[in-house]
Amino acid sequence: MVDVTPDAASPVPPAEVAEVELYHPHSWWTKYVFSQDAKVIAIQYSATALGIGFVALVLSWLIRLQLGFPGTFDFITPEAYYQFITMHGMIMVIYLLTALFLGGFGNYLIPLMVGARDMVFPYVNMLSYWIYLLAVLVLVSSFFAPGGPTGAGWTLYPPQAIMTGTPGGQDWGIVLMLSSLILFVIGFTMGGLNYVVTVLQGRTRGMTLMRLPLTVWGIFTATVMALLAFPALFVACVMMLLDRVLGTSFFMPAIIEMGEQLQHGGGSPILFQHLFWFFGHPEVYIVALPAFGIVSDLISTHARKNIFGYRMMVWAIVVIGALSFVVWAHHMYVSGMHPYFGFFFATTTLIIAIPTAIKVYNWVLTLWRGDIHLTVPMLFALAFIVTFVNGGLTGLFLGNVVVDVPLSDTMFVVAHFHMVMGVAPIIVIFGAIYHWYPKITGRMLNEAMGQFHFWVTFLGAYLIFFPMHYLGLMGVPRRYNELGDMALLSESAHQLNAFISIMAFIVGFAQLVFLFNLIWSIRHGREAGGNPWRATTLEWQTPQTPPAHGNFGKELPVVYRWAYDYSVPGAKEDFIPQNEPPSAYAASRGAV
Amino acid sequence: MSIVLVFLAVVAAIAAWWLSQQRLMAKPWLEQGSTAAFPRTESGSMPAAKIGLGVFLAVVGCLFALFASAYFMRMGFPDWRALPVPPTLWLNTGILVLSSVALQCAVFAARNGQFDMVRLGLVTGGLTALAFLAGQLVVWRQLVAEGYFLSSNPANSFFYLITAMHGLHILGGLVALGRTTAIAWRPEQRDRLTLSVELCAIYWHFLLLVWLAIFAVLAGWAAGFIEICRQLLT
């Protein structure tokens, strides 16, 4: 260890950072409802996201009912089926994953981890949540609108998205969906500004960028990406809304529908695809990078070992973030693009595998000879590594044009993206909830229920999505609500579909146990104390648990070291908090 | 998509320059102690609001770059019939320049403590911005009167859409400007005034810049620039 202070024994000068004037709530309403405290906003964001997420879970059950047992359930008409898959996809990707990682964990962890009292613009932060809630309500209202929600598929491709044959196309469905997305982007931009500027300007004394926990690096980079990617979704939605409501022809080509020439003409559906995927691909990493960061911290803490290759981890996060903006057209190989264009995007896509692989190696090397505690958060973190590798490898297949073209419309793609950006990030969300719940509520989640939840979810998710790869290779098409008698499919394909459906119900049931655990443990969980995992980062060093308004009591902490001082030889304990001065460490070393 | 990629390349260059100042080569596991030895990596002294505005402007810039990208991609299709440039747009551009100049005067006055001049600058800036919006509406009326409707041609659609987006951003700026003007009349809040005026001015200059770019694109003078962007990327 090298002391960079000129004289390690000399007391650190008092903080020169000006105290931020905190907004102090005056009533119950401003304290718990229209709160400007990032921690309350985080809980509001998370509760809303989990609530709408359970709607998506129910939708996935309905999808599986139809796929597993076609023709058995009369109420799942083909229209309803398309509405279910559309809403399931949109909710999971945007309203659950993005909102929970950035709005939920971002709000809760950024100020605490960088040692700030709150976000830098608390009022804007509050607005961000309420606009998000409005977006969710608009989305939910489409279930009750005439014609029901849109059934255009989560990618909302024109022209079919706004035509009569598509559920919600000429009714309210698509209008409400586009409006909801526009609101979401506005709300997110407000929140995103906060997350970025808080990391830039709100760090406490001594918290250099290279001392930030990787969780903050992941959320920070993902937020920067989201701020630059979501405008593309915004532009696409506004233009499609104009096409649908005012009859412009941005995306709509000349079309004859039921013998009638529509008023549109000359528009380009491919233009929409470019805009959509310019947002859509970074979106994958917007949910993956926070997951990467959180997993790094979980593994390091629960293996009692410093993260291997911290610098590489940071660089990899930044490089992945930058590269993800130049790969979007690999979602469009089958749109009839120029072969050289496809070649370029296949190359950039495969290059992303390098920084990602670096991260996987570093996680594994962090585990190597670590003092691994198989706590529930650790189990989820380990499950993430295998799941992500799994989904990533099929990504290498699909990144190649020649492999993608035959597989593009099969269940193989469904299996791939569920593994890599469905199961993997959600597993991290679970791990993170088990990890930080004690800080948020002061009590531990029940361990037995947690173990049950983990094993059923992990094994179940594999039993759901692993067979799907085979179905895809066999040629089972995606987007079909019923396979019927296809000559190419053997009887076993249908049996496998039924099996997948049954597993989906079992895994869904395990989520209800998790929900029960979340509620039950608020009152009945074991008392956690301030730092149950004996972790080094600042959020575990707060004077109160749960942290009070203002987070750190009278004085902000001063940071003296990086976030990963676990099992330092000669130290008194197997972890040294980030705010422990070197002199105290030296004294403890002297005592040994 | 070439325009938005060029825009992102600029953002990435700024981000890379900033990251290069942050000691990314440091080995944090070997360093402990307070940060007296590396002061440049402390949170900067620039006010958070200014950084926040900067980040927001990057988002707004990205939005308009995407609109421009879509504009040029759609332009390549055969049904595109370019609009004539209404001469009123020149007048509007002049008014918006005046607005920016007035706010810049307000910034200088605020730094020198001449509060009468600050109020004059803010009010002039606000009124000229309103005049600009009114002028844009006049342009819309003229185009409609000449038969250039929103949905009759994609060139028209883009014209209305992009000018509307720009106008909405000016409207949002006017809300902030209104609050700043209110502060300018309250002597007890003078310590906040300079920063507020500066933020308004930065936002106004940026929107002026965006407007000039939009104007160039809509009037068809930017085609050469696009060709250069395309050449750079291919």
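Trainee: How many helices and strands does chain B have?

Mentor: This is a predicted model, so read each feature as computed. Chain B has seven helices and one strand. From the N terminus on, the order is α-β-α-α-α-α-α-α.

Trainee: What box do the C-alpha atoms of chain B fill along the principal axes?

Mentor: Roughly 70 × 50 × 25 Å.

Trainee: What share of the residues in chain B is buried?

Mentor: Count the neighbours around each residue. A residue is buried if 20 or more other C-beta atoms lie within 10 Å of its own. In chain B, 35% of the 234 residues are buried.

Trainee: Now chain A. How many helices and strands are there?

Mentor: Chain A has 15 helices and three strands. Its C-alpha trace spans about 85 × 50 × 50 Å along the principal axes. Of its 592 residues, 56% count as buried. Residues 24 or more positions apart make up 80% of the contacts in chain A with a separation of 6 or more.

Trainee: What does the radius of gyration of chain A agree with?

Mentor: Compare it with a rule for globules. For 592 residues, a compact globule would have a radius of gyration near 25 Å. Chain A has 25 Å, so the two agree.

Trainee: How many residues of chain A are in contact with chain B?

Mentor: On the side of chain A, 54 residues are in contact with 42 residues of chain B. Next, ask which elements supply them. Those of chain A that give two or more residues are β1 (2–3), α5 (173–201), α6 (214–246), α7 (269–302) and α8 (310–323). Helix α6(A) gives the most, with nine residues.

Trainee: Which classes of residue make up that side of chain A?

Mentor: There are 35 nonpolar, 14 polar and five charged residues on the side of chain A that touches chain B.

Trainee: Which residues meet where α2(A) packs on α4(A)?

Mentor: From α2(A), they are Ala38(A), Ile41(A), Gln44(A), Tyr45(A), Thr48(A) and Ile52(A). From α4(A), they are Asn125(A), Met126(A), Tyr129(A), Tyr132(A), Leu133(A) and Val136(A). By class, this contact has nine nonpolar, three polar and no charged residues.

Trainee: Is Thr301(A) buried or exposed?

Mentor: Count again. Thr301(A) has 27 C-beta neighbours inside 10 Å, so it counts as buried. Thr301(A) lies in helix α7 of chain A. Leaving aside neighbours within four places in sequence, Thr301(A) is in contact with Trp533(A) and Ala535(A). Now look at Phe345(A). The C-alpha atoms of Thr301(A) and Phe345(A) are separated by 38 Å, and the two residues are 44 apart along the chain.

Trainee: Which residues does a cis peptide bond join?

Mentor: Start with the general rule. Most peptide bonds are trans, and most residues other than glycine have a negative phi. Here a cis bond joins Pro158(A) and Pro159(A), with omega about 0 degrees. Pro159(A) sits in the loop between α4 and α5 of chain A. The bond from Thr545(A) to Pro546(A) is cis too, with omega near -5 degrees. Pro546(A) is in the loop between α14 (491–524) and α15 (582–591) of chain A.

Trainee: What is phi of Arg369(A)?

Mentor: Phi of Arg369(A) is near 60 degrees, a positive value in a residue other than glycine. Arg369(A) is in the loop between α9 (339–367) and α10 of chain A. With 9 C-beta neighbours inside 10 Å, Arg369(A) counts as exposed.

Trainee: Where is Arg23(B) found?

Mentor: Arg23(B) is in the loop between α1 (2–20) and β1 (31–32) of chain B. Phi of Arg23(B) is positive, near 55 degrees. Arg23(B) is partly exposed, with 16 other C-beta atoms within 10 Å.

Definitions and conventions. Residues numbered from 1 in each chain as written. Chains lettered and ligands numbered in written order. Predicted model: local features only at pLDDT ≥ 70, side-chain atom pairs only at ≥ 80, totals over all residues. Contact = placed C-beta atoms within 7 Å. Helix = DSSP H or I, 4+ residues; strand = E, 2+ residues; numbered from the N terminus. Nonpolar A, V, L, I, M, F, W, Y, C, P; charged D, E, K, R; others polar. Rg over C-alpha atoms; globule rule 2.2 N^0.38 Å. Buried ≥ 20, exposed ≤ 12 C-beta atoms within 10 Å, placed from the backbone.
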